[in-house]
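Thanks for asking me to look this one over. Please keep the viewer open beside you while you read, and turn the model as we go.

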Amino acid sequence: RVLIHDARPFSTGLPPGFSDTFGLLPVVITQDMVGQNIGQFVAGEVKAAKGRATEQQKNFLAAIINNGGRADVWRSVAEALKTIS
């Protein structure tokens, strides 16, 4: 167990709704796209079994998907792997 004395909220500098986890997923472009590799943005909102995403979080995930990225709410490693595979 860890005890944090005088714990208080802090700002990461990211906008409200920004996902808990994010990164780039390497994607091989098809031959008609010259066969280069690109990075595809991936975002995951980590929640407990009964946790719910806020409207801001839902909007962020939708923006990622609508712009060609991959994003979802993750309640397990299996759900995260489903998003990136």
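Here are my notes as numbered points, from the overall layout down to single residues.

1. **What we are looking at.** Please bear in mind that this is a predicted model. The protein chain holds two helices and three strands, and from one end of the sequence to the other these follow the pattern β-β-α-β-α.

2. **Overall dimensions.** How does the radius of gyration of the protein chain stand against that of a compact globule of 85 residues? The chain has 16 Å, whereas such a globule would be near 12 Å. Along the principal axes, the C-alpha atoms fill a box of roughly 55 × 30 × 25 Å. Of the 85 residues, 26% are buried. Among contacts with a separation of 6 or more, 45% come from residues 24 or more positions apart.

3. The three strands make an open sheet, ordered 1-2-3, with mixed pairing. On average, neighbouring strands here are turned by 25 degrees against each other, direction ignored.

4. **The parallel pair.** Strand 2, which spans residues 37-46, pairs with strand 3 in the parallel sense, over five bridges.

5. Which strands does each helix lie across? Helix 1 (residues 55-66) lies across strand 2 and strand 3, and its direction is at about 165 degrees to strand 2. Helix 2 (residues 77-84) lies across strand 1, strand 2 and strand 3, at about 170 degrees to strand 3.

6. **The nonpolar core.** The largest nonpolar core has seven residues: Ala43, Ala53, Phe60, Leu61, Ile64, Ala71 and Val73. Helix 1 and strand 3 are the elements that give two or more residues to this core, and helix 1 provides the largest share, three residues. In general, nonpolar side chains of soluble globular proteins tend to be buried together.

7. **Aromatic pairs.** The count of aromatic pairs comes to three. One of them joins phenylalanine 18 and phenylalanine 60 in a tilted arrangement, 4.5 Å centre to centre with 40 degrees between the planes. This pair links distant parts of the chain, since phenylalanine 18 sits in the segment before strand 1 and phenylalanine 60 in helix 1, 42 residues apart. Phenylalanine 60 has a relative accessibility of 15%; the cut-off for buried is under 20%, so this residue counts as buried.

8. **A stacked pair.** Phenylalanine 22 and phenylalanine 41 form a stacked pair, with 6.3 Å centre to centre and 15 degrees between the planes. Here strand 1 supplies phenylalanine 22 and strand 2 supplies phenylalanine 41, 19 residues apart. Ring pairs join Phe18, Phe22, Phe41 and Phe60 into a cluster.

9. **Phenylalanine 60 and serine 19.** Beyond residues up to four places away in sequence, phenylalanine 60 touches Gly17, Phe18, Ser19, Phe41 and Ala43. Serine 19 belongs to the segment before strand 1 and, at 4% relative accessibility, counts as buried. With neighbours within four places in sequence set aside, serine 19 is in contact with Ala43, Gly44, Glu45, Phe60 and Leu61.

10. **One backbone angle to inspect.** Aspartate 6 has a phi near 55 degrees, which is positive in a residue other than glycine. Most residues other than glycine have a negative phi. Where is aspartate 6 in the chain? Aspartate 6 lies in the segment before strand 1. At 69% relative accessibility, aspartate 6 counts as exposed.

Terms used
Residues numbered from 1 in each chain as written. Predicted model: local features only at pLDDT ≥ 70, side-chain atom pairs only at ≥ 80, totals over all residues. Heavy atoms only, no water. Pairing = 2+ DSSP bridges. Helix = DSSP H or I, 4+ residues; strand = E, 2+ residues; numbered from the N terminus. Axes fitted to C-alpha atoms, helices over the stretch in contact; angles between N-to-C directions. Contact = heavy atoms within 4.5 Å. Buried < 20%, exposed > 50% of the residue type's maximum accessible area, 1.4 Å probe, protein only. Phe/Tyr/Trp six-rings, centres within 6.5 Å; stacked < 30°, edge-to-face > 60°. Core = buried A, V, L, I, M, F, W, Y, C linked by side-chain atoms within 4.5 Å. Rg over C-alpha atoms; globule rule 2.2 N^0.38 Å.
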